[in-house]
Structure formats: structure tokens, C-alpha cells
Amino acid sequence: MEIDGSAKKERRDRRSSSKIEIPLDTELEHLPVEFRWREWMMRVEAIIFAASEPVRRETLARVVGNGCDIDKLIADLRAEMKPRPYDIVSVAGGWQYRTKPAYAHAIKASKTPTRALAPAISHHEAMVLIAIGYFQPITRGELSKIFGKEISRDTIASIRGAGLLDTGPRSPMPGAPYTYVTTKYFLSAFGFETLRDLPDIEALEDAGLLNRTAVVMTDSAIENMQQADEK
């Protein structure tokens, strides 16, 4: 059966119209103030719940009105969640749903498959990663001085393969070796909002896990640490 030209055109028009995005009403001026706020709360909560990574402020700002105080809105959401076993937390420059630590033991005991936030890395790799977090940008040679033994390329490759590590600028040292820096995923995976949330370095030194006096730090590493202290 042959379809005439007008029928074909009508079908094309319907397909085209179905792809048109209807602009989202962010201001909601037709709603009373309390209902408007509630709708903004629901939108923000839905986005954070659905997201696979921390949601940044600018993302949430796309679905609420210009006059919406996002910090206050998040605070209201968290207040409603106080009796719940989960919360919205600030990590890696955004917000994300996380189970409250008090229920971690129950979740582990249930043996229920969960979304793994922190990738599986060895204890040694974790300590190397923490050292990079403190002293970045840092070379593999400098890491070896911190730990008093060679840090292998395989160790660096394993951490990088987990998405926790990236290549930084070339070092001004002879040979211009590569430096390494942590990623935003590193912050998210371990629940840090910024690098200032890293564990106390003195505690790690007391435990014999790090020796920061042994490392020959680059000028850029010193500058980065000074800037972090000033913030």
C-alpha cells in the first residue's frame, strides 16, 4: 500500500514535534510562595537522587527560580531527612545522597549489593594516593622519597586506572618528569568536599606511614599548599 506525500509529511511533522523540548518553568509565578518552594525542593531532590555523581550548584540553578536560595533549600531538604538513614552531603564541589555512617554496619551485615563509591585499591595504593593528595603536583621520584622505597609505575597505573589520579604539569626538575594530581572523583569517592578534608598528616606521620620531611617538594607543590592554607 502506497502512502501519499501528504501522509508522509504529516508523519514527519509528528516525529519532529515530538523532539521539541518544552522550556521548564523555573519561576513558577502562578503558584503561592509555599507551593513554589516545595516544587523547587522536589526538583532538586529528584536531580540529586538520580545523579551518578555530585551535583553542582549551577546544575541545580537551571531548575529553580532566580531568587531561589539553593543553600537554604538544601538545608530544608536535610532537615526533613533527619529521621531517615540517608542524607544529602556536600562532596567534590556538589551535593550527593549518602547513607549515614551509623547504618554502615547494618548494610555490610545484610550483604546486599550496593553502589561502590570508593574503588577497590590496596592499602599501599591508598597511602600513595593520600600522599599525592597532600603534596600534589608530585613526581614518582618524590613519592619514593616519602615512603623510603620505590613507588612502581604499576602502582601509579593501578590508582590512575581507578579514576583517582591524573597527570599534572611537567616538573621543573632535570628530565622534566611527569607529576601526578588527584581527580574530582577522588574527592567524591572518599567523601571529601575539598583537599583540606584529608586526614591529619601528623597522625599519618606518627603512625609511620608518611615522612613529609624526606620529600623534595617542587615550587608548584609548595605554592599549592600555601594557597590551600589561605582558603
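Tutor: Contact means heavy atoms within 4.5 Å. Among contacts in the chain with a separation of 6 or more, 55% are between residues 24 or more positions apart. The model is predicted: local features need pLDDT of at least 70 and side-chain atom pairs count only at pLDDT 80 or more, while totals for chains, interfaces and linings use all residues. Residues are numbered from 1 along each chain as its sequence is written, and side-chain values use heavy atoms, with hydrogens and water left out.

Student: How many helices and strands are in the chain?

Tutor: The chain has 11 helices and five strands. Both are DSSP runs numbered from the N terminus (helices H or I, at least four residues; strands E, at least two).

Student: What share of the chain counts as buried?

Tutor: Of the 231 residues, 32% do. Buried means under 20% relative accessible area, exposed over 50% and partly exposed in between, with a 1.4 Å probe and protein chains only. As for the total surface, the chain exposes about 15,000 Å², and carbon and sulfur atoms supply 54% of that area.

Student: Why is the pair of Trp-37 and Trp-40 called edge-to-face?

Tutor: Rings of Phe, Tyr and Trp (its six-membered ring) pair if their centres lie within 6.5 Å; planes under 30 degrees apart count as stacked, over 60 as edge-to-face and the rest as tilted. For Trp-37 and Trp-40 the centres are 6.2 Å apart and the planes stand at 70 degrees, so the pair is edge-to-face. Both residues sit in helix α2 (residues 33-50), three residues apart, which puts about one helical turn between them. Trp-40 has a relative accessible area of 7% and is therefore buried.

Student: What makes Phe-49 and Tyr-97 an edge-to-face pair?

Tutor: Their ring centres are 5.7 Å apart, with 85 degrees between the planes. Phe-49 belongs to helix α2 and Tyr-97 to strand β2 (residues 94-99), so the pair ties together parts 48 residues apart in sequence. By the ring rule there are five aromatic pairs. One aromatic cluster is formed by Phe-49, Tyr-86 and Tyr-97.

Student: Are Phe-49 and Tyr-97 buried or exposed?

Tutor: Phe-49 has a relative accessible area of 61%, so Phe-49 is exposed. Tyr-97 has 14%, so Tyr-97 is buried.

Student: How do you know that β1 and β2 are paired?

Tutor: Two strands pair if DSSP finds at least two bridges between them. Strand β1 (residues 86-91) is joined to β2 by six bridges, and the two run antiparallel. Asp-87 stands opposite Arg-98 in β2. Two residues lie between the strands of this hairpin, where Ala-92 takes a positive phi near 50 degrees.

Student: Which strands are the edges of the open sheet?

Tutor: This sheet of three strands has the order β3-β5-β4, with antiparallel pairing. Its edge strands are β3 (138-139) and β4 (165-170), because each pairs on one side only. β4 is joined to β5 (residues 178-182) by four bridges, and Leu-165 has Thr-182 in β5 as its bridge partner.

Student: Why does Thr-139 count as buried?

Tutor: Its relative accessible area is 3%, so Thr-139 is buried. Thr-139 lies in strand β3. Leaving aside neighbours within four places in sequence, Thr-139 is in contact with Ser-171, Met-173, Pro-177, Tyr-178 and Thr-179. The ring of Tyr-178 also has the charged end of Arg-170 over it, 3.8 Å from the ring centre. The rule for a charge over a ring is NZ of Lys or CZ of Arg within 6 Å of the ring centre and within 35 degrees of the ring normal.

Student: What makes Ser-144 a buried residue?

Tutor: Ser-144 is at 16% relative accessibility and therefore counts as buried. Ser-144 is found in helix α7 and touches Lys-149, Glu-150 and Ile-151, not counting residues up to four places away in sequence.

Student: Which members of the largest nonpolar core touch the most others?

Tutor: A nonpolar core is a set of buried Ala, Val, Leu, Ile, Met, Phe, Trp, Tyr and Cys residues joined through side-chain atoms within 4.5 Å. Of the 25 residues in the largest one, Val-128, Ile-132, Leu-143, Phe-147, Ile-156, Leu-164 and Phe-186 touch the most other members. At least two residues each come from α6 (123-135), α7 (140-147), α8 (153-161) and α9 (184-189). α6 gives the largest share, eight residues.

Student: What is in contact with Ile-156, leaving aside its neighbours within four places in sequence?

Tutor: The residues are Val-128, Ile-132, Arg-140, Leu-143, Ile-151, Leu-165 and Tyr-180. A second, separate core of 18 residues includes Leu-28, Val-63, Val-64 and Tyr-97.

Key: Areas by Shrake-Rupley, 256 points an atom, 1.4 Å probe, with all protein chains shown as cover.
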